[in-house]
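Thank you all for making time this morning.

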Amino acid sequence: MTRAIVVGANSSIAQSVIEQLLSGQVVEQVTAISRDTNSQLQEKFGSSLRWVCCDYSEEAMKEVCVNLRSPENDFSHVFICNGLLHTEQIAPEKRLEDINTEKLQTVFHANTIVPMLWLANLAPLLRSKIDCTVAVFSARVGSIEDNRSGGWYAYRASKSALNMLIKTASIEYRRRAPNVKLIAFHPGTTDTQLSKPFQSNVPEGKLFTPNFVASSLVGIMENLDRESGAEFLDWAGTPITW
Ligand SMILES: NC(=O)c1ccc[n+]([C@@H]2O[C@H](COP(=O)([O-])OP(=O)(O)OC[C@H]3O[C@@H](n4cnc5c(N)ncnc54)[C@H](OP(=O)(O)O)[C@@H]3O)[C@@H](O)[C@H]2O)c1
């Protein structure tokens, strides 16, 4: 049996991923990393779930990774779920006039910089003899080719930049930790706090539950072509153009 790491573990989809991994006995233990605790999940899974609080500062991320080191290096699954679309102060931009430095920086920090720093800090922990798959939550709107409707400047661009970082990191991982496969994952529109204000135009049957997405993703991770480089995949396992 192996272990998993779930970063951004209080995301609704991440919580379903944890449930899926532990209830389905996909792994023996999950290390969940989040800014806050989650007593419900901790009570449910006891010692199978190791919960680590982290404020996502660079020093804290480094410290978490140092503490996670063990001779086994037996992590088979990693999920990096962080993502920010809106806050009380930030709404996705509809027009050029809505853009400002602070909003861009906040969104890029959560969507691009934090996930990339995890990819960088986790590398020594993931190099091992066992296959390991790292799923980083991206979004279809980050596809440059697929951008037909415009808008959502910060979110789109932060996910496009994330995709480039994932692809670039995958080239270095291949050399330094060839057992690791990276995917940029688009969950589809999923019923979470992140998508709440934007659900009215979602066609019937296209608003997914976190449980559906989590189980699709875990299934996709079992059936990847491990020889190809990084892939950008949706909830059905279908490739998305970068
Ligand atoms: N829901 C959708 O329709 C949809 C569609 C496409 C892509 N996605 C992507 O799927 C992922 C999971 O989203 P979700 O729908 O489950 O959303 P959610 O429930 O709102 O979860 C938000 C996630 O982002 C993290 N986060 C929030 N603010 C942050 C900040 N300032 N700095 C760093 N991390 C921050 C949270 O980490 P903590 O655990 O520390 O709170 C949590 O992991 C995101 O990357 C999102 O962009 C979602």
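This is a predicted model: local features need pLDDT of at least 70, side-chain atom pairs count only at pLDDT 80 or more; totals for chains, interfaces and linings use all residues.

Let me begin with a cut-off, because a residue is called buried here when its relative accessible area is under 20%, exposed when that area is over 50%, and partly exposed in between.

Counting ring pairs gives eight aromatic pairs, and one of them is formed by Phe137 and Phe185, whose rings sit edge-to-face, with 5.4 Å from centre to centre and 85° between the planes. Because Phe137 belongs to strand β5, residues 132-137, and Phe185 to strand β6, residues 180-186, this pair ties together parts that are 48 residues apart in sequence.

A second pair joins Phe212 and Trp235, and it is tilted because the ring centres are 5.9 Å apart and the planes stand at 55°. Phe212 lies in helix α6, residues 210-222, while Trp235 lies in the segment after β7, so here the pair ties together parts that are 23 residues apart in sequence. As for accessibility, Phe212 is partly exposed, with a relative accessible area of 36%, and Trp235 is partly exposed as well, at 23%. Elsewhere, ring pairs link Trp152, Tyr155 and Phe198 into a cluster.

That brings me to α6 itself, which has 13 residues and reaches 19 Å from its first C-alpha to its last, close to the 18 Å expected at 1.5 Å a residue. Which residues of α6 are buried? They are Pro210, Val213, Ala214, Ser216, Leu217, Val218, Ile220 and Met221. In general, an α-helix has 3.6 residues a turn, so residues three or four places apart point the same way. The buried residues of α6 pack against α1, β4, β5, β6 and β7.

Within α1, the buried residues are Ile13, Ala14, Ser16, Val17, Ile18, Leu21 and Leu22. At the start of this helix, a side-chain oxygen of Ser11 comes to within 3.2 Å of the backbone nitrogen of Ile13, and just after α1, Gln25 adopts a positive phi of about 50°.

Terms used. Residues are numbered from 1 along each chain as its sequence is written. Side-chain values use heavy atoms; hydrogens and water are left out. Rings of Phe, Tyr and Trp (its six-membered ring) pair if their centres lie within 6.5 Å; planes under 30 degrees apart count as stacked, over 60 as edge-to-face and the rest as tilted. Helices (H or I, at least four residues) and strands (E, at least two) are DSSP runs, numbered from the N terminus. Buried means under 20% relative accessible area, exposed over 50%, partly exposed in between (1.4 Å probe, protein chains only). The expected span of a helix is 1.5 Å times one less than its number of residues. Contact means heavy atoms within 4.5 Å. A polar contact is a pair of N or O atoms within 3.5 Å; within protein, one must be able to donate a hydrogen and the other to accept it, and residues adjacent in sequence count only if both atoms are side-chain atoms.
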